[in-house]
Amino acid sequence: MEFDIGVTGEAHAISPDDLKRFWPYYAAKEGRDWFLKNVVAGELGRSTMRYSFPIGTMPQPGENKPLPKNSIFMDLVARGIQVVPMDGMKPITIEGDTRLSMRDTDLTISADGASLTNTGGSIAVANVGFT
């Protein structure tokens with residue numbers, strides 16, 4: 001006997017702190033850890049998340065078990081994201097949209113751009129991506 005549990009929904013106006021409740025701790029763990037540590041502000045706009053885990057396929061805490069195929073689908077679009085790229089740096093505000101896409105353990109984060117200002121002047125960063 002097999003039973004499939006799926007959750008599908010759309011999210012509006014969710015903070016980065018709220019997102020950690022939707023992002024399973026065992027999915028793209030390194031990306032999740034970086035996101036939780038470095039994204040300090042912003043708000044999710046229209047986003048879609050779908051989770052599907054047949055009984056017995058979800059890993060237990062501390063268990064290293066591969067995710068079943070097509071178990072996680074997330075497409076998130078955010079605005080006003082502030083990210084601390086490295087320890088000791090001040091937060092950078094992303095201008096325009098930031099997108100996060102996850103298919104099982106494959107994670108892609110992209111952003112329209114930002115600018116950094118320091119004592120030497122300004123640096124523009126455009127079309128940033130992280131996979």
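Why does Lys 65 count as partly exposed? Because Lys 65 has a relative accessibility of 29%, and the partly exposed class sits between buried (under 20% relative accessible area) and exposed (over 50%), using a 1.4 Å probe and protein chains only.

## What you're looking at

This is a predicted model, where local features need pLDDT of at least 70, side-chain atom pairs count only at pLDDT 80 or more, and totals for chains, interfaces and linings use all residues. Residues are numbered from 1 along each chain as its sequence is written, and side-chain values use heavy atoms, with hydrogens and water left out.

As for confidence, the chain averages a pLDDT (the predictor's confidence in each residue, from 0 to 100) of 80, and 89% of the residues score at least 70. Confidence is lowest in strand S1 (residues 4-11), with a mean of 58, and highest in strand S6 (residues 95-103), at 89.

## The overall layout

The chain has two helices and eight strands. Here helices (H or I, at least four residues) and strands (E, at least two) are DSSP runs, numbered from the N terminus. Follow the sequence along and you get β-α-α-β-β-β-β-β-β-β.

Of the 131 residues, 34% count as buried. The chain exposes about 8,400 Å² (Shrake-Rupley method with a 1.4 Å probe; for residues, only the protein chains shown count as cover), and carbon and sulfur atoms supply 55% of that area. Looking at contacts (heavy atoms within 4.5 Å) with a separation of 6 or more, 54% come from residues 24 or more positions apart.

## Two loop residues

Back to Lys 65, which sits in the loop between strand S3 (47-54) and strand S4 (72-83). Leaving out residues up to four places away in sequence, Lys 65 touches Gly 56, Thr 57, Met 58 and Pro 59. The Lys 65 side chain also reaches the backbone oxygen of Gly 56 at 2.5 Å. Tyr 26 is 39 residues from Lys 65 in sequence, with 8.9 Å between their C-alpha atoms.

Pro 24 is in another loop, between helix H1 (16-19) and helix H2 (29-38). Pro 24 is buried, at 14% relative accessible area. With residues up to four places away in sequence set aside, Pro 24 touches Arg 32, Tyr 51 and Ile 72. Tyr 51 is 27 residues from Pro 24 in sequence, and the two are 9.5 Å apart in space, C-alpha to C-alpha.

## Salt bridges

How many salt bridges are there? The count comes to five, taking a salt bridge as a side-chain nitrogen of Lys or Arg within 4 Å of a carboxyl oxygen of Asp or Glu. One of them joins the side chains of Lys 29 and Asp 33, at 3.0 Å from N to O. Both residues lie in helix H2, four residues apart, or about one turn of the helix. Lys 29 is partly exposed at 48% relative accessible area, and Asp 33 is also partly exposed, at 36%.

Asp 87 pairs with Lys 37, with the closest N and O atoms 3.1 Å apart. Asp 87 is exposed, with 61% relative accessible area, and Lys 37 counts as exposed at 54%.

Then there are the strands. The side chains of Arg 103 and Asp 75 meet in a salt bridge of 3.0 Å, N to O. That pair links distant parts of the chain, with Arg 103 in strand S6 and Asp 75 in strand S4, 28 residues apart. Arg 103 is partly exposed at 35% relative accessible area, and Asp 75 counts as partly exposed at 27%. Arg 79, Asp 97 and Arg 99 are linked in a salt-bridge network.

Which residues make the nonpolar surface patch of about 200 Å²? The patch is made by Ile 123, Val 125 and Val 128. Patches are built from residues with over 30% relative accessible area and no salt bridge, joining like charges within 9 Å and nonpolar side chains (Val, Leu, Ile, Met, Phe, Trp, Tyr) within 5 Å. Ile 123 is in strand S8 (residues 121-130), and Ile 123 counts as partly exposed because its relative accessibility is 44%.

Definitions and conventions. Polar contact = N/O pair within 3.5 Å; in protein donor to acceptor, adjacent residues only side chain to side chain.
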